[in-house]
Amino acid sequence: MGKSSNRTFEGSRRTVCLLVAAAFVTAALLYSSSPAYAQEEGYVPLTGEFAEKQYFGKKISMDYQDAEVKSVLRVLSEVSGMNIIAGDDVAGKVTIKLENVPWDQALDVILKTKKLGMVQEGNIIRVAPAVSLQAEDTQRLAAEQSKLMLEELVLEMVPVSYANADDLKQSVQSVLSSRGTVVVDERTNVLVIKDVKTTLEQAKKLIINLDTQTPQVQIMARIVEANTDFTRELGVKWGGIYYADAAHGNPTGLTFPNSVRVSGANATGEQIGGTTTGQQVGGTAAGSTIPSIPNANYVVNLPAPIGLGAGGGVGITMGSVNDVVSLDLQLSAMETRGEGKVISQPKVVTLDNKEASITQGVSIPFQIRQQGETSLSFIEANLNLTVTPHVTNDKSIVMVIQIAKNAPNTAIPTSTGDPAIDKKEAKTETLVRNGETAVIGGIFASEESRTELSVPWLSRIPILGFFFRDRKQTNKRTELLIFITPRIVQDKPVV
């Protein structure tokens, strides 16, 4: 009966303890969730400290009060399957209650709570005070440094093939030990490195990774200029003469006017009885050959250019037997069509991130007069391509491009008589994939004009108005397109 009573008493005592512990836990949770508790100075939620670290261990539940740390570590070792070793300096008790928590997170919380640290080697975890582990790290580093100071130095010359050895010096120096040195031999482009063997091998690996061949890029540009001209002109000139006098047998029979002569008042300016008109029509000397027409005084003189290299015309002359009445009519028409295309194709090869330029053209001398003195100056009229490429990791090419095609233009009159400069330029930065062609710029210009020379009022008469006017229609179109094609130059394998 005595033993039974003791057992009953012991069970009742454990039940009371559990109830009391549950009451304390409930009170603590209610207290921690209150705003007053959250605002207390020094309060730091545990989740904030461990939320950034990811845990993947098996989830466990633990409920211990004043348990030995070593005993808790032993339980974690059985659950995780890891070998956990704790020395004599690992001591103390911990009260912990965790529900469905990864074992590695539970271990991390316990170690931080007791200011412990761990070192994992394979499936063995060694637990010790954090101060002891830091002291071990310091001693190990000191031992390695002492060994490094005693290790024999090795001298090696590393040739640099593609890069500039002086550019690699600073990068190599960053991986050398405190005893290591690096010197550049500019004549042979060689790095002379002196250091311990281990560090020297690291420096050589770094040089191999940095000393790579710089890719070459071929940039080809095409400047396409297309011009279309169309001109059409329709003209007419006609005139005649009428006599009413005794000389032509057609007297008026009146005292006044006894004789009458009616003719056109628009002089042709041509040489009657000759072959050359000497007339400038539409700004161009016609130089045409027209049969001589007597009494060629025109009422309307609005012809289109005819003759050699120009249009064509039809002339009609009518007159009476006694030359009392004569009529002259000339119809002229001119139509010109022109199409032109100019393709300029500069090409240049350069290294990655290196500017390249190619130029072709002429230097045009210009006279400059200042204060009574004359000096000679030159202006460039060139085809120029300037480009700086950069090859990206996906084999695209970023290019800073400046392309120009400047040429002399004698069609534009200047006060000094020197030719004008016709400029076509583009400057841009673009991204193009290897081998593809992109249009980096273009200009389209269209010019349409209609000109009419006419006799007022009479030219507006339907149908008959054609004989009192000259019409000229001009259409001009110019197109400018600039293409760019970059291509990475691939090295041929050595046979």
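Strands here are DSSP runs of at least two E residues, numbered from the N terminus. In this predicted model, Asn382 is placed in strand β19, which spans residues 373–391.

Asn382 has a relative accessibility of 16% and therefore counts as buried, the cut-off being under 20%. Its side chain has a polar contact with the side chain of Glu380 at 3.2 Å. The Asn382 side chain also reaches the backbone nitrogen of Val362, at 3.3 Å. Beyond its neighbours within four places in sequence, Asn382 touches Thr359, Gln360, Gly361 and Val362, as well as Ala404, Lys405 and Asn406.

Lys405, one of these contacts of Asn382, belongs to a network of salt bridges that also links Glu225, Asp422 and Lys424. Across the whole structure, 13 salt bridges are found. Those joining the members of this network include the following.

| Salt bridge | N to O distance |
|---|---|
| Lys405 with Glu225 | 3.3 Å |
| Lys424 with Glu225 | 3.1 Å |
| Asp422 with Lys424 | 3.0 Å |

Lys405 and Glu225 pair through their side chains. Lys405 lies in strand β20 (residues 396–405) and Glu225 in strand β9 (residues 216–244), so this pair ties together parts 180 residues apart in sequence. Both Lys405 and Glu225 are buried.

Glu225 also meets Lys424 in a salt bridge. That pair links distant parts of the chain, 199 residues apart, with Lys424 in the loop between β22 (420–422) and β23 (425–433). The relative accessible area of Glu225 is 9%, so Glu225 is buried. Asp422, the partner of Lys424 in a further salt bridge, has 30% relative accessibility and so counts as partly exposed.

Notes:
Residues numbered from 1 in each chain as written. Predicted model: local features only at pLDDT ≥ 70, side-chain atom pairs only at ≥ 80, totals over all residues. Heavy atoms only, no water. Helix = DSSP H or I, 4+ residues; strand = E, 2+ residues; numbered from the N terminus. Buried < 20%, exposed > 50% of the residue type's maximum accessible area, 1.4 Å probe, protein only. Polar contact = N/O pair within 3.5 Å; in protein donor to acceptor, adjacent residues only side chain to side chain. Contact = heavy atoms within 4.5 Å. Salt bridge = Lys/Arg side-chain N within 4 Å of Asp/Glu carboxyl O.
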